[in-house]
Amino acid sequence: MADERLRADSFLPLPEATFHILLALAEEDRHGYAIIQGVAARTDGALKLSAGTLYRSIQRMLEQGLIVETRERPAPELDDERRRYYRITAFGSEVARAEARRLTRLVKLARVSGFVPGRA
Amino acid sequence: MRLYNLLLHLYPAAFRNEYGPEMRAIFARREQEARGPLAALTLWTSTVFEVVGNALAVHWDILRQDLRYTARTLASTPGFTLTAILVVALGVGANTAVFTVTDFVLIRPLPFSDPDRLVKLYERLPGYSRMELSPVTYRDWKRMSHSFEAMGAYVSTSVNLVGQGDPERLEAASVSSDVFPLLGIQPLAGRPFNSTDDRIDSPGTVLLSYGLWQTVFGADPGVIGRKVVLDGAPLTVIGIMPRDFHFPDRSAELWTPLQVRDDASFEDRNNNYFGVIAKLRRGVTVAQARSEMAVITAQLQHQYPKEMAQHGATVNPLHEELSESSRLLLVALSGAAICVLLIVCANLASLLLARGLARKKELAVRTALGAGRERLVRQLVTESLVLAVFGGVMGVLGALGSIPLLGKLVPMSLPIAQTPSVDWRVLTFAVLLTFLTGIAFGVIPALRTGGSVDLGGLRDGVRAGGGRRERVRSALVIAEVMASVVLLVSSGLLMRALWRLQSTDPGFRTDGVLTMRTALPWPKYLKTAAREEFYKQVLTGVRQLPGVANAAYISVLPMVWRGGIWPVSIDQEILDRAESNSASMRFVTPGFFVTLGIPLHLGRDVDEADTSDMPFVAVVSQSFVRRYWPSENPLGKHFKFGFHDRMVVGVVGDVRVRGLERPSEPQVYLPYQQVPDGYFFPYTPKDLVVRSSMTAGSLLPAIRRIVQSADREQPISDVRMMSEIVEDETASRSLQLRILGAFAAVAILLAGIGIHGLLSFAVSQRLHEIGVRIALGASSSDVLRMVLRQGVALAAAGVALGAIVAYAAGREMEALLAGVKPGDAFTFLTAIGLCALMTLVGSLLPAARAVRVDPITVIRSE
């Protein structure tokens, strides 16, 4: 388990797109366009992933083992054959948690320096 | 949408196949959402940037993976890797070095403004297409012509510099004030010459070259305005020329104004010594200028029917001021370098093909794991490019290191530096060459190997024949043999030519002859008597030195100065001034012929008693006698030469005044005392020749002391052995030959390796077949024959093709061959013999391996 964590740490800091994709997949398996929509909704439209960025990230994340392509398809009436669905792996969750921890630590530091409003 | 599809092609095919449909779908939605032209425009711009950026990133990801993989595979086969890198380094290095010189000499524009409008002008006479102009003809041409924006004249000279340390002899040029503006060159500091400087009565001025300013004047900027003493006259330094400026050739170290006396000698239309450079008017072609000059020379012929009969004009672009042989020499080297590159590529392609087969299993594994054909090909091409880049860097470094050695290939006659400079063109060439090489030797093997992988490769003990692949490799080996035959024959022909030239009798003996120059300055030595005094003192002193057999002076040594050609007239009849009626004129002191070992065939040498108040006499060469008195006794005959009637008193052997490669005019030698004061100053004896049994090093200090005691301000320059002068005649050829020889050696070595590699591979592929044959009763010699037959067939095909190309190449460079025939049988037979030997050596190991095959082991291993 410690090994796994060490390996996860070696991915940090995570590219922004990668982190967002992991977050989007944390709730449920999604196809590409759904990930884009999920990310947009989560950021109130501030981050609109382009198709190229999305699939380049997906390709890399597949190779790194952060996500897998899933064979389970939704009910046929909702399915589109062209679509591929992706699922976050256990290791992907580990990496996302590691990134979250890293960000939290940063925010704490910023707060101590008075850059973030709120409790010290 | 079509446009988007097109954009998607920027991605690697595998990526596009995988994600393209979904990306298209997403884009289609976005397009629907974008309402209004502004939104559409925004979508499209952002999409273009996005696709380009992401595509690059995807390619980069793949490249990084491939590079990591390549590093691992190459490191696991260090032998192969090193060989391949060295072979690429050879090819790229050879071509970069040769290109540097070729570009510098043949391609790069001359370092003047509007270089393509610069031309040189010459007088043309039967037998002489390029003769310098007489001052008066220069004046007429300049006045009468309209094709030229400007015209300037110059004369190469040399001067003695006194007062800056030891007296020094410097090469210089006198130039008219039009020359520098016409070239578009400004001094680095100070001012250029103006028309006042050109006047004979104006105070003397001088411009220094950058090199001279750096060395002799210690880069002192205060030198401008100072006086320096040149040939005894104080001249004011008015400026320093830029570092890379060379004119008329690279030897000139300073420039003085060309001041021309308007006297009787100016009017002599046969006193040709002006070099003339001109700039064509914008829009005027060389052909137009030529036809205008034809009209002008016709007018002058009409005006001066006696002096100007048959005089024409030659107009030659400045960048073509290069002898045919210098040009051919570089073209031949470039061709050879390309041959080497061809062999290198063929050899590497062959190596990679073999390696590809050895890696069949590895590639099959990767295919099984899902790598597409494109990915495999891409991986293999990356590998060859990595090899090419390493080899290219090594080759370029080697080439850069060798450039100073290649200076001898830069002809003296061009106004450029001796050492080629490396600029962005050379580096671009090297980079392109490296990538082309990588692709050339990488692509075919990659397509063959990466494209035909099947899972059969996973099974053990497959006997993949790969007939097609062997055909490609056979073709590559044939190409290698062909190129090496071409190189062998070319260098063989040039070697024969060099031998022939080196064995040419120069007409004199060079052993133990030391030469040096003491050029007496004008006007200090204007009087003949003053010079006599100097020569007598020096020669008497030198002849008394221990070990010295003899010593003498001559105007300028043969091969050092090829000019000084004068018309000859017999019986007051003026003969046409054609090649057959002129002779080279030299003044000599007594003892010159003995010192240089020129045989005296008839009569006597010039003598101290041949003074200016005695009848004027001459010693002539045998060819002179053959030309004018073929069947008479020449002694006592008279002829007019150099303004005076001369009587023949002696006949000596001919010498090669014009060097080993060209025929020379007959020679006339005149006694050094029979010169009226102030006449023939350029012909004043300058070159001292000393025959001795001592080394130059032990002789020189003593000679220096003798010269110093004769004239404290007199410099000694150009100290050389006579043998060096003759060797210099063939120096650029021997250098060229050494390079070509090295190329040929590399070529034949690589071709041998190529044959060896192919046959070894063929044998290893056919081990089973060979084993079966042996088991069925084939004898060793049967097996041997089978293997050798393949090698011989390849070599024979290569030799046949190579011989044809080599003959064609020989025809092209016939001008370089000094009379050796392009189809020289000895050379061809030697080259073919060497190829046969190479084939035999290359086939030996594979053949031996085939013979030793143990049928039982091979068949059981199945």
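Predicted model: local features only at pLDDT ≥ 70, side-chain atom pairs only at ≥ 80, totals over all residues.
## A strand pairing in chain B

In strand E21 of chain B, Leu688(B) is the bridge partner of Tyr553(B). Strand E13 (residues 548-554) of chain B and E21(B) are antiparallel and share 6 bridges. E21(B) also pairs with strand E12 (residues 513-517) of chain B, again antiparallel, through 5 bridges. Within E21(B), Leu514(B) has Val690(B) as its bridge partner.

## Domains of chain B

Let us step back to the whole chain. Chain B is divided into domain 1 (2-76), domain 2 (78-111 + 325-462), domain 3 (127-309), domain 4 (485-503 + 728-862) and domain 5 (520-714). Domain 2 and domain 4 are each written as two segments. Taken over C-alpha atoms, the centres of domain 1 and domain 3 of chain B are 65 Å apart.

## Nonpolar cores

Which residues have the most contacts inside the largest nonpolar core? They are Val340(B), Phe743(B) and Ala747(B), in a core of 98 residues. Helix H10 (residues 324-358) of chain B is the top contributor to this core, giving 20 residues. Because domain 2 (78-111 + 325-462) and domain 4 (485-503 + 728-862) of chain B both supply residues, the core lies between them.

Phe743(B) is worth a look on the structure. Setting aside neighbours within four places in sequence, Phe743(B) is in contact with Ala94(B), Ala336(B), Ala337(B), Val340(B) and Leu487(B). A second, separate core holds 56 residues, including Met559(B), Val588(B), Val655(B) and Tyr683(B).

## A buried glutamate in a loop

Glu253(B) sits in the loop between strand E8 (233-240) and strand E9 (254-257) of chain B. Is this residue buried or exposed? Glu253(B) has 22 C-beta neighbours inside 10 Å, and therefore counts as buried.

Not counting residues up to four places away in sequence, Glu253(B) touches Leu170(B), Glu171(B), Ala172(B), Ser209(B), Gly211(B) and Leu212(B). As for Ala309(B), that residue is 56 residues from Glu253(B) in sequence and 38 Å from it in space, C-alpha to C-alpha.

Chain A has 5 helices and 3 strands. From the N terminus on, these elements follow the order α-α-β-α-α-β-β-α. Of the 120 residues in chain A, 28% are buried. Among contacts in chain A with a separation of 6 or more, 57% join residues 24 or more positions apart.

Finally, we come to where the chains meet. The contact involves 14 residues from chain A and 15 residues from chain B. On the chain A side, helix H3 (32-42) and helix H4 (51-64) are the elements that give two or more residues. The largest share comes from H4(A), with 7 residues. By class, this side of chain A has 4 nonpolar, 5 polar and 5 charged residues.

Notes. Residues numbered from 1 in each chain as written. Chains lettered and ligands numbered in written order. Domains from an automatic or database assignment. Contact = placed C-beta atoms within 7 Å. Helix = DSSP H or I, 4+ residues; strand = E, 2+ residues; numbered from the N terminus. Nonpolar A, V, L, I, M, F, W, Y, C, P; charged D, E, K, R; others polar. Pairing = 2+ DSSP bridges. Core = buried A, V, L, I, M, F, W, Y, C linked by C-beta atoms within 7 Å. Buried ≥ 20, exposed ≤ 12 C-beta atoms within 10 Å, placed from the backbone.
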